[in-house]
Each structure stands twice: as C-alpha cells, then as structure tokens.
Amino acid sequence: EKGGYPHFMIKEINEQPEAIRTTIMPRIKEGLPFLEECGITTETIKDFKNITIVACGTAMHAGMVGKYVIEDLARVSVNVDIASEFRYRNPIVGEGDLVIIISQSGETADSLAAMRLAKQKGAKTLAIVNAKGSSIAREADMLIYTLAGPEISVPSTKAYITQLSVMYLFAFELALAKETISTAECKRLVSALTKMPEAVQYVIDNCEEICKFVATKLVATDSLLYIGRGLDYALSMEGSLKLKEVSYIHSESYAAGELKHGTISLIDEDVPVIAVATQTGIIPKTISNVVEVKSRGAKVILVCTDACARELKDGVADYVIEIPHTDELLMPITAVVPLQILAYYTSINRGIDPDKPKNLAKSVTVE
Ligand code: F6R
C-alpha cells in the first residue's frame, strides 16, 4: 500500500508531480484557465471587490501564497484568516465579496463553520477541497477539487501543492477577468504552470541527498527559525509547520525584515536558521538578514535558486539547497519540496513516525 516507500509521507511527496498534473490539466483549455465546470468564468468573478481566504494549518498557508499571487496579478485585496479566528470575530464580509475556503478533508469543523458564516453574511463562497463529496465541497457556491488523490499521511504535502496549483489557476482567471493581465501574459503564465510537474520532479531527484544530509545536522536541535520575505515568507510558514509537526522541534517562521524587531535576540549557535530566498528582487534583502544571523553564531541553511547560489559569497550559509529558477511567482511550488523532505528526514532521524505525529489527527472535525 505504500508502494515500496517506508512511509506515506515520502510516498506522497513523490506523488506531487503527478498530483499537480492531474489537478491542472483538465482546467486548462487553449492555453488559458478553464474553470467553467467549477462555476467560475470571467463573468462570474469579475465584480468581486474583496476576497477573504479562510482555512486552517497547511491549507491556510496555501492561502497565504494565494494572497500574494492574487494581489500581484489581479490587484484585488485579499485577507487571509485562520478559520477559528474568522468565525468568532464578526468578520467584515458580505454581498459582493468572495470567501475562499481551502481544505484537504473538507470536514474541518472551523473551516466549515467559517464557510457557513460567510454565506449567512451574503458572501459568495468558493471551496478548494480534496475529499470528494465532503461537507465543505457540498455546501459551497463554487467548487474546485484538488485532484491529489487520498492523502493518508497526517502532514499534508501533495494536498498543499495542489492547493497552490489551483490558487494559481484561479488568480490567472481573476486577473483576466479584471483585465490586469493580457491574454498573452495569461497564456505565458499557464504555460509556465504546466511545466511545474517536471520542475518538482527535478527537485525531488536532485535535493533528496542534500536534504537527507542537512537533516542529520538537525537531530539534536531544540529550536529553529525559518525566515523569508514575500512569497518566501508565506512558504517558510509552511516549512516551519511541516518540521515542527513531524520532528517535535520548536520552530517559528518570521518575515525576515521583522527579525530585528525582537526575534533576533533568540539567535545563537544553538538556533539554526532556515532561510528561503527565491524572489530575485528581494534576495539581497534576505541575504543581508542571513549575514546578520550568521554573525550571531547561527548555522544557516539556505534554500535558494541556482542563480542566487552562484552569486553567494563564501561562508554566507553553512548549507545551500539549490532549486532551479522557474517563473518567479511559481517558485513556491518547487521551493516547498526541499522543506518537506527536510522535515521528513529530520523526523526519521529522531525516531518519529512522520505519518502519525503524536496528538494530531488527519481530519479535525471538532473545534
Ligand atoms: C498540516 C496539516 C494541518 C491541516 C489542517 C487543515 O500538515 O495537515 O495543518 O492542514 O488541519 O485541514 P484541512 O485541510 O483538512 O481542512
């Protein structure tokens, strides 16, 4: 049942190229997003003024990436909210707004309640769900299934990557509807997205060894930090959650620019820092934060593009995990892979079963 893999987690990491392909291919027609069967056309979405994305855990992190991409391409303001917060704080959503609910299981109690509240307040709801026929899928106004197939391991991997893929397709469609990108630009983006399964496969094939090695260095760590800016920050949230849930190492993610507002006081030689730097324009900024933590003794693991690695001065990072440069906006799809693999091997090295971390359930149907 594990197809020759020792754990579902690593099996599902390896299934990601296929999961992305299966999810996006039926939703592309003549080189453009095709979401009509999900109730989405440029006509049905062109008038939304505000978007709120509501979810929990990893699904919420997919929403964080979605926020950056939608705001950047479609120029619509996007709020991301944790479902358990949204539902108890009289949120400002109503007629004319879109609320997107992201959920692998489609049964998360807080996410379901948040969706019902959004509907009650008159907002339209779009669910991005993996489990067929689940409650959230049934009750939403519009529905895009992620076609990742059943996800067995508790830490979400292939569901997350397909949630990202769907967020991109939706953002492209919205940008077309809002006329903030041309048809030609949209086709270019869609074409870049179709190349991601291959890019993810390349990263799996080429990063496993280095991640395995770096994981041996984290076995005895008590606490570590993830840093990044922009999309890299959204991604480091997910990297941090993945690591803490399967390794039981305390970890937090910080916007790199926020370090000097308090967090840097935590840094010493016993607190490794995992920095993510894939966004060309802000790489120098993130690298300057890397230099700061390094000078305070931190061991630095840098996940960056090959282009960034080539320009790196000696000694800036202790370990560099390189990923190929693809379209800038799409980088989270490939950059998440080494973070997942690193979490997996750290878990194994600490003698933990990553598929069943203590105290966690695959589907959280109680609040
Ligand atoms: C982390 C993880 C959880 C879920 C969260 C939401 O790896 O799996 O954080 O993402 O419990 O679950 P769904 O997506 O089923 O609503």
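**Note on helices, strands and aromatic pairs**

1. Directly after helix H14, Gly351 adopts a positive phi of about 75 degrees. The model is a predicted one, in which local features need pLDDT of at least 70 and side-chain atom pairs count only at pLDDT 80 or more, while totals for chains, interfaces and linings use all residues. Residues are numbered from 1 along each chain as its sequence is written, and side-chain values use heavy atoms, with hydrogens and water left out.

2. Before turning to details, consider the confidence of the prediction. The average pLDDT (the predictor's confidence in each residue, from 0 to 100) is 97 for the protein, and 100% of the residues score at least 70. For the complex, the predictor reports an ipTM of 0.99 together with a pTM of 0.97.

3. How far apart are the end C-alpha atoms of H14? They are separated by 28 Å, which agrees with the 27 Å that its 19 residues, 331-349, should span at 1.5 Å a residue; the expected span is 1.5 Å times one less than the number of residues. Of these 19 residues, 17 are buried, so that the helix is mostly covered, where buried means under 20% relative accessible area, exposed means over 50%, and partly exposed lies in between (1.4 Å probe, protein chains only). The C-alpha atom of Ile348 lies 9.8 Å from that of His7, although the two residues are 341 residues apart along the chain. His7 belongs to the segment before helix H1 (8-14), and it counts as buried because its relative accessible area is 17%.

4. After H11 comes Tyr248, whose phi is positive, near 65 degrees.

5. H11 also takes part in a right-handed β-α-β unit with strands E8 and E9; the crossover is right-handed if, with the strands pointing away from the viewer, the path from the first strand over the helix to the second runs clockwise. Strand E8 (residues 223-228) has five of its six residues buried, so it is largely enclosed by the rest of the structure. E8 runs parallel to strand E9 (residues 250-255), with six bridges joining them, and Tyr226 stands opposite Ser253 in E9; strands are taken to pair if DSSP finds at least two bridges between them. E8 is also joined by three bridges to strand E10 (residues 273-277), again in parallel, and there Ile227 has Ala275 as its bridge partner.

6. Is strand E5 (residues 98-103) enclosed or open? Six of its six residues are buried, so it is largely enclosed by the rest of the structure. In a regular strand the side chains alternate between the two faces of the sheet. Here Leu98, Ile100 and Ile102 point one way, whereas Val99, Ile101 and Ser103 point the other way. Together with helix H6 (residues 109-120), E5 and E6 make another right-handed β-α-β unit.

7. Aromatic rings deserve a separate look. Rings of Phe, Tyr and Trp (its six-membered ring) pair if their centres lie within 6.5 Å; planes under 30 degrees apart count as stacked, over 60 as edge-to-face, and the rest as tilted. The count by this rule is three aromatic pairs. One of them is the tilted pair of Tyr168 and Phe172, with 6.3 Å between centres and 45 degrees between planes. Both residues lie in helix H8 (residues 158-177), four residues apart, or about one turn of the helix, and both are buried.

8. Phe213 and Tyr319 form an edge-to-face pair, at 6.0 Å centre to centre and 75 degrees between the planes. This pair links distant parts of the chain, since Phe213 is in helix H10 (residues 196-216) and Tyr319 in strand E12 (residues 319-323), 106 residues apart. Phe213 is partly exposed, with a relative accessible area of 41%, whereas Tyr319 is buried at 16%.

How values were computed
Helices (H or I, at least four residues) and strands (E, at least two) are DSSP runs, numbered from the N terminus.
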